[in-house]
Amino acid sequence: MVRSHGDGSVRVLTLDRPEKRNALRPNDLSELAAAVEAATEPVIYLHGAGSAFCAGADLDAVSTLDDPAAFARLGQRVASTLASTDAVVVCGVDGAARGGGVELALAADVRVATPDATFAEPGVRFGLFGAWGGTVRLPRVMGEGNALEFALSGRVLDADDALRTGLVSRVSADPEAVAADIGAGTPDALRVVKTRIRDRRDDETQEAAEAAAFADLVEAHADAIRRSRSTTTEAADEVADRRDGGGDSDTPE
């Protein structure tokens, strides 16, 4: 169900079961986790084929589960794999994200919606709720009040609602271009930023780790930093010259 291809900077993972709106069965979840773990690019772009991003768990499969708790744990492990991989995960939502589809998006580092994207946790309407880490991540992303209203009501958010509540960080007609822009960054810097922002330890421990990571990057990229500094200084000097009226070198003194 999961198609995978990459260009060295971005690994594109496509949920490819459009006839079922990319609904996920247990083997599909395992396949997605394996594809994430196998990716070597600094950025992963996750999206869905067809008219939906992901309808969540395949309810036909859910209704016949021998061990529902094991299925929930499998979904949690897949979401944790997305959240903890070294790669920056960009989720592009075009069309419907429902239930587990929302939870996969929540596990991504960057969520980008197209203008046609919609989001809902409809499980409460038929006796379920998002159990792939959704009750943990949703309040972190949306805030507790928005998370409770969204999950308890089962209502559908459009792209603008999702942006307003913090469920997505951007609305764009081309979410994959956002992934490509991020993929233009230096891989080790991207990895460090993700790791530091996702760190849940106490402030003092996080700040010490942040300082150490910063020092490692300065040492690794000293030449590039100097070049960037030189370019930035020249640009600032040009702006200052124009502002002070000194930009015309042909003007006689």
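I looked up Cys 91 and found it buried, with a relative accessible area of 0%. Buried here means under 20% relative accessible area, exposed over 50%, and partly exposed in between (1.4 Å probe, protein chains only).

I note that the model is predicted: local features need pLDDT of at least 70, side-chain atom pairs count only at pLDDT 80 or more, and totals for chains, interfaces and linings use all residues. Residues are numbered from 1 along each chain as its sequence is written, and side-chain values use heavy atoms, with hydrogens and water left out.

**Cysteines.** I searched for disulfides (pairs of cysteine sulfur atoms within 2.5 Å). The structure holds zero. Cys 54 is in none, and the nearest cysteine sulfur, that of Cys 91, is 9.1 Å away.

**Backbone.** I checked phi next. Most residues other than glycine have a negative phi. Arg 21 has a positive phi of about 55° and is not a glycine. Asn 22, also not glycine, has a positive phi near 60°. Where does Arg 21 sit? I found Arg 21 in the loop between β2 (10–15) and α1 (26–38). Asn 22 lies in the loop between β2 and α1. Elements are DSSP runs numbered from the N terminus: helices are H or I, at least four residues, and strands are E, at least two. Arg 21 is partly exposed at 39% relative accessibility. Asn 22 is buried at 0%.

**Pockets.** I used a 1 Å grid over the protein atoms alone; a pocket is an open set of points where a 1.4 Å probe fits, with protein on both sides within 12 Å along at least five of seven lines, and lining residues have an atom within 4 Å of a point.

The largest pocket holds about 560 Å³ of space. It is lined by 24 residues, and those closest to its centre are Ala 57, Leu 59, Val 62, Leu 128 and Phe 129. The largest share of this lining, three residues, comes from α3. By class, I read 15 nonpolar, five polar and four charged residues in the lining of the largest pocket.

The second largest pocket has a volume of about 400 Å³. Its lining has 16 residues, with Ala 108, Asp 109, Lys 194, Ile 197 and Arg 198 closest to the centre. α9 gives the most to this lining, with five residues.

Methods
Grid points are joined across faces, edges and corners, and a volume is the space filled by probe spheres set on the points. Ala, Val, Leu, Ile, Met, Phe, Trp, Tyr, Cys and Pro count as nonpolar, Asp, Glu, Lys and Arg as charged, and the others, Gly among them, as polar.
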